[in-house]
Amino acid sequence: MLAPVDDVVAWGDSLDNLLECKTGRLVFEDFLRTEYSEENLLFWLACEEYKKIMTSEPEIITAANRIYTEFVQVDAPSQINIDCMTREDISENISQPGPKTFDRAQRLIYGLMEKDCYPRFLKSDIYQALL
């Protein structure tokens, strides 16, 4: 899984640059797995996909429920670390999901990755070995 050096260097400029690159996402996910926090990235990616499928109500409901069950509900298999108010808001609205159902939680998780995981990734052996 080699990426052009220019891409790897660009990953160090911003989390957005990292997430925009498929190889960057895979490398970041590998790093997060070593820290037992890959659910953050997986949730963020699931939300990005969810925003794209706003076509039919059954599809929206199915996708929203999958994200909720996998990441948001208490004791979910890959439960994300969000505040109880955000979790409760999603829980109360999951029966009628809309395009912004997960926006607040996604912003929180992005902020967590940007301030916590991403700086550690940049210092990691995984990233440094690619430079």
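I began with the aromatic cluster, in which ring pairs link W11, F28, F31, F121 and Y127; rings of Phe, Tyr and Trp (its six-membered ring) pair if their centres lie within 6.5 Å, and planes under 30 degrees apart count as stacked, over 60 as edge-to-face and the rest as tilted. The model is predicted, so I kept in mind that local features need pLDDT of at least 70 and side-chain atom pairs pLDDT 80 or more, while totals for chains, interfaces and linings use all residues. Residues are numbered from 1 along each chain as its sequence is written, and side-chain values use heavy atoms, without hydrogens and water.

I looked up the pairs next and found nine aromatic pairs in the structure. F31 and F121 pair edge-to-face, 5.6 Å centre to centre with 65° between the planes. Because F31 lies in helix α3 and F121 in helix α7, this pair ties together parts that are 90 residues apart in sequence; helices are DSSP runs (H or I, at least four residues), numbered from the N terminus. Both F31 and F121 are buried, meaning under 20% relative accessible area, with exposed over 50% and partly exposed in between (1.4 Å probe, protein chains only). F121 also forms a tilted pair with Y127, at 5.2 Å centre to centre and 45° between the planes.

I then turned to F28, which touches L15, L18, L19, L41, M113, C117, Y118 and F121, leaving aside residues up to four places away in sequence; contact means heavy atoms within 4.5 Å. In α3, F28 is also one of the residues that meet α4, along with R25, E29, L32 and R33, and the α4 side consists of E38, L41, L42 and L45.

Methods:
Helix = DSSP H or I, 4+ residues; strand = E, 2+ residues; numbered from the N terminus.
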